[in-house]
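Subject: Handing over the structure

Dear colleague,

I am passing this structure on to you, and my notes on it follow below. Please read them with the sequence and the 3D view open.

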Amino acid sequence: MEFGVQLGAVSPRLWGEVAEEADRLGFESVWIPEHLVLPVDGAGSPHEGSDHPPIPPDVPVFDAFGVLCHLAARTTRIRLGTCVYNIGLRHPFVTARAAATADVLSGGRLAFGVGAGWLRAEWEAVGLDFDRRGARMDEAIEICRRLWSEAVVEHHGDHFDFGPVAFEPKPVQRPGPALHIGGDGAAALRRAATVGTGWMPMNHTLERLPRSLARLGELAEGAGRTSPIEVTLPGARIGRPEEVETYARAGVTRLIVAPWARSREALDGLRRFADEFLA
């Protein structure tokens, strides 16, 4: 089991310190949330359940790759992840360039979590069709992967159209940064099985995981895939080391944790967690 740290659960003023301490203590990764814009009339939540509040429109949102490049300069070993980046909202040129920059500057430590998005008002604010977001995401991923690995790329699709282009530098990770596919539905499983290094379920309970992972295995086998698929569970709350085995038996390979209640307790919480779970 690997352990990542959820930076979205702490004040952005402390992201650098928390990342440095997590790196020193032996955590495997740190992860930041991502949005392009939060409309005032946005409604809903990425999490199931009517009791989960929507994201306030005035919550501070930073450019994900700007932050990760900053954290890359302050750390040496820890992986740097997005949980998750709404890849369909940008042109693939923008995404591929930003991701390659973060991967190069971090020495190949980018863990690129991507999703189709859940906030309809955000897509409408950008002038894009929310109901076609899945197809746009698939096409954006395809183009990014080609830009990261091919010398010359030309593409003529439903959402993006361009003649031959070159793209340098290539990422350190080959054939491109590790893609962790966020989402719970059939399309997310398909993407994880075919193009993902890993799968990041957002609303799966431990009881639901085995059935979905069985389906993920079927899809991977059907695609001729033989490499294992990482399973990352954000927002895990564990109180005792023996609980980790329960997640491992369900098929989880990485837990993203925030072992503190208030931002001022984050550094001490990391140290306590490391003493108990990483030692």
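I begin with Glu 265, which at 24% relative accessibility counts as partly exposed, a word used here for values between the buried class (under 20% relative accessible area) and the exposed class (over 50%), with a 1.4 Å probe and protein chains only. The side chain of Glu 265 meets that of Arg 262 in a salt bridge, at 3.2 Å from N to O, where a salt bridge is a side-chain nitrogen of Lys or Arg within 4 Å of a carboxyl oxygen of Asp or Glu. Arg 262 is partly exposed as well, because its relative accessibility is 44%.

Before going further, please keep in mind that this is a predicted model, in which local features need pLDDT of at least 70 and side-chain atom pairs count only at pLDDT 80 or more, while totals for chains, interfaces and linings use all residues. Residues are numbered from 1 along each chain as its sequence is written, and side-chain values use heavy atoms, with hydrogens and water left out.

By the salt-bridge rule the count comes to 16. One of them joins the side chains of Glu 21 and Arg 24, at 2.6 Å from N to O, and both residues lie in helix H1 (residues 15-25), three residues apart, which is about one turn of the helix. Helices here are DSSP runs of H or I with at least four residues, and strands are runs of E with at least two, numbered from the N terminus. Glu 21 is buried, because its relative accessible area is 10%, whereas Arg 24 counts as exposed at 59% relative accessibility.

Which residue forms a salt bridge with Asp 138? It is Arg 191, with the closest N and O atoms 2.5 Å apart. This pair links distant parts of the chain, since Arg 191 lies in helix H6 (residues 186-194) and Asp 138 in helix H5 (residues 133-149), 53 residues apart. Arg 191 counts as buried because its relative accessibility is 6%, while Asp 138, at 26%, counts as partly exposed. The side chain of Arg 191 also reaches the backbone oxygen of Gly 134 at 3.3 Å. Leaving aside neighbours within four places in sequence, Arg 191 is in contact (heavy atoms within 4.5 Å) with Gly 134, Met 137, Asp 138, Ile 141, Ile 181 and Gly 196.

S6 runs antiparallel to strand S7 (residues 161-166), to which four bridges join it, and strands are taken to pair if DSSP finds at least two bridges between them. The two strands S6 and S7 form a hairpin with four residues between them, and within this pairing His 155 stands opposite Phe 162 in S7.

Lastly, there is the surface to consider. Val 37 is found in the loop between strand S2 (29-32) and helix H2 (64-74), and Val 37 counts as partly exposed because its relative accessibility is 36%. Together with Leu 36 and Val 126, Val 37 makes a nonpolar surface patch of about 200 Å².

Key:
Patches are made of residues with over 30% relative accessible area and no salt bridge: like charges are joined within 9 Å, nonpolar side chains (Val, Leu, Ile, Met, Phe, Trp, Tyr) within 5 Å. Accessible areas come from the Shrake-Rupley method with a 1.4 Å probe; for residues, only the protein chains shown count as cover. A polar contact is a pair of N or O atoms within 3.5 Å; within protein, one must be able to donate a hydrogen and the other to accept it, and residues adjacent in sequence count only if both atoms are side-chain atoms.
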